[in-house]
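New page in the notebook. I want to get my bearings in this structure and jot down what I look up as I go.

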2 protein chains.
Amino acid sequence: MAVHSPAPLGTHLILDLWGLDPDLDADRVRKVMREAALQAGATILHDNFHDFDGRDGQPGGFTGVLVLAESHMSIHTWPEADYAAIDIFTCGESAQPHRACEFLVRRFGARTHTLKILSRGAGTIEGAPEHDNHPAREAGLCPVPS
Amino acid sequence: MAVHSPAPLGTHLILDLWGLDPDLDADRVRKVMREAALQAGATILHDNFHDFDGRDGQPGGFTGVLVLAESHMSIHTWPEADYAAIDIFTCGESAQPHRACEFLVRRFGARTHTLKILSRGAGTIEGAPEHDNHPAREAGLCPVPS
């Protein structure tokens with residue numbers, strides 16, 4: 001049986017944005033996401049972005065992922081719903097994912113947003129499923145008080 | 001003001017695995033993740049995997065991301081904690097993310113796991129932050145009853 005840490009191994013911010021800046025394009029989304037990763041103190045290993053075709057005269061959305069030495073960040077946008085789903089998943093003591101969160105809300109010009117925080121990898125083989133000490137936490141709005 | 005759908009735009013499965021098959025290597029993790037995406041009916045646009053060096057004689061972990069036409073999947077492993085954090089984020093009516101979930105639990109030989117389900121993009125600009133109809137849901141173990 002492996003030895004486990006009761007402390008979470010990763011911090012996963014689930015950020016939902018509504019009312020984005022209408023002038024966003026794929027290049028800007030990529031630049032803002034990369035800058036957000038740096039704001040969080042993360043190291044970008046790789047990125048990949050796709051710009052989807054729209055339908056019925058509507059603009060298409062973007063999908064983008066950053067692979068980080070500290071885990072990953074992702075964005076998916078639905079222009080028809082004025083919505084973007086962002087994930088900021090980091091591990092290690094030096095990463096500051098909340099900084100990325102604040103930066104993204106500001107730079108994407110979001111009119112409003114919600115934030116959930118998940119602690120990933122807390123618990124043990126024996127204890128995790130039966131007793132989840134780290135359920136999703138509604139964190140309200142950025143900036144998140146420390 | 002844009003028109004919004006009250007229905008969720010994306011389904012996000014948060015899958016935590018403990019007690020993995022000790023013989024996993026980077027190639028196998030990549031193959032299993034890709035096959036899981038296909039099981040979910042998703043289209044893989046891109047993938048990127050990293051194999052991290054270990055410390056103090058311990059094996060390092062893996063990080064891998066699949067960019068999908070239907071959003072993304074990711075995995076981060078911590079061999080020292082016998083743990084892997086997996087995300088399966090899909091949109092669209094044809095994707096079946098629970099199939100990927102079941103497949104991964106089985107193929108990674110996980111001794112136990114937890115699953116949370118997030119509905120992403122439900123609500124509207126006006127309604128989302130104040131009234132979250134779609135909090136994280138503890139879904140118990142795979143396979144998830146339909």
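Predicted model: local features only at pLDDT ≥ 70, side-chain atom pairs only at ≥ 80, totals over all residues.

**Entry 1: a network.** A network of salt bridges links A:D16, A:D87 and B:R120. Over all chains, I find ten salt bridges in the whole structure.

**Entry 2: across the chains.** Next I looked at A:R120 and B:D16. Their side chains form a salt bridge, 2.9 Å from N to O. This pair joins two chains, because A:R120 lies in strand β6 (residues 112-120) of chain A and B:D16 in strand β1 (residues 10-18) of chain B. Buried or exposed, I wondered about A:R120 and B:D16? Both are buried.

**Entry 3: inside chain A.** I turned to A:D47, whose side chain meets that of A:R30 in a salt bridge (2.9 Å, N to O). The partners come from distant parts of the chain, 17 residues apart: A:D47 is in strand β2 and A:R30 in helix α1 (residues 26-39), both of chain A. A:D47 counts as buried, at 13% relative accessibility. A:R30 comes out as partly exposed, at 35%.

A:D47 also forms a salt bridge with A:R34, and here the closest N and O atoms are 2.8 Å apart. A:R34 sits in helix α1 and A:D47 in strand β2 of chain A, so this pair ties together parts 13 residues apart in sequence. I noted A:R34 as partly exposed, with 30% relative accessibility.

A reminder to myself: side chains of opposite charge can pair when their charged atoms come close.

**Entry 4: a charged patch.** Where does negative charge gather on the surface? I found a patch made of A:D23, A:D25, A:D27, A:D51 and A:D53. Of these, I placed A:D51 in strand β2 (residues 44-51) of chain A.

**Entry 5: chain A as a whole.** I listed two helices and seven strands in chain A. Along the sequence, the pattern reads β-α-β-β-β-β-α-β-β. Chain A has 146 residues, and 52% of them are buried. For contacts with a separation of 6 or more, I get 62% between residues 24 or more positions apart. Chain A exposes about 6,600 Å², with carbon and sulfur atoms supplying 47% of that.

**Entry 6: a proline in chain B.** Last, I checked B:P59, which lies in the loop between β2 (44-51) and β3 (62-68) of chain B. B:P59 is partly exposed, because its relative accessible area is 48%, between the cut-offs of 20% and 50%. Apart from neighbours within four places in sequence, B:P59 contacts B:G54 and B:P79. I also took the C-alpha separation of B:P59 and B:M33: 20 Å, for residues 26 apart along the chain.

Definitions and conventions:
Residues numbered from 1 in each chain as written. Chains lettered and ligands numbered in written order. Heavy atoms only, no water. Helix = DSSP H or I, 4+ residues; strand = E, 2+ residues; numbered from the N terminus. Buried < 20%, exposed > 50% of the residue type's maximum accessible area, 1.4 Å probe, protein only. Contact = heavy atoms within 4.5 Å. Areas by Shrake-Rupley, 256 points an atom, 1.4 Å probe, with all protein chains shown as cover. Patch = residues over 30% accessible without salt bridge, like charges linked within 9 Å, V, L, I, M, F, W, Y side chains within 5 Å. Salt bridge = Lys/Arg side-chain N within 4 Å of Asp/Glu carboxyl O. Lys, Arg positive; Asp, Glu negative; His and termini not counted. Charge placed at Lys NZ, Arg CZ, Asp CG, Glu CD.
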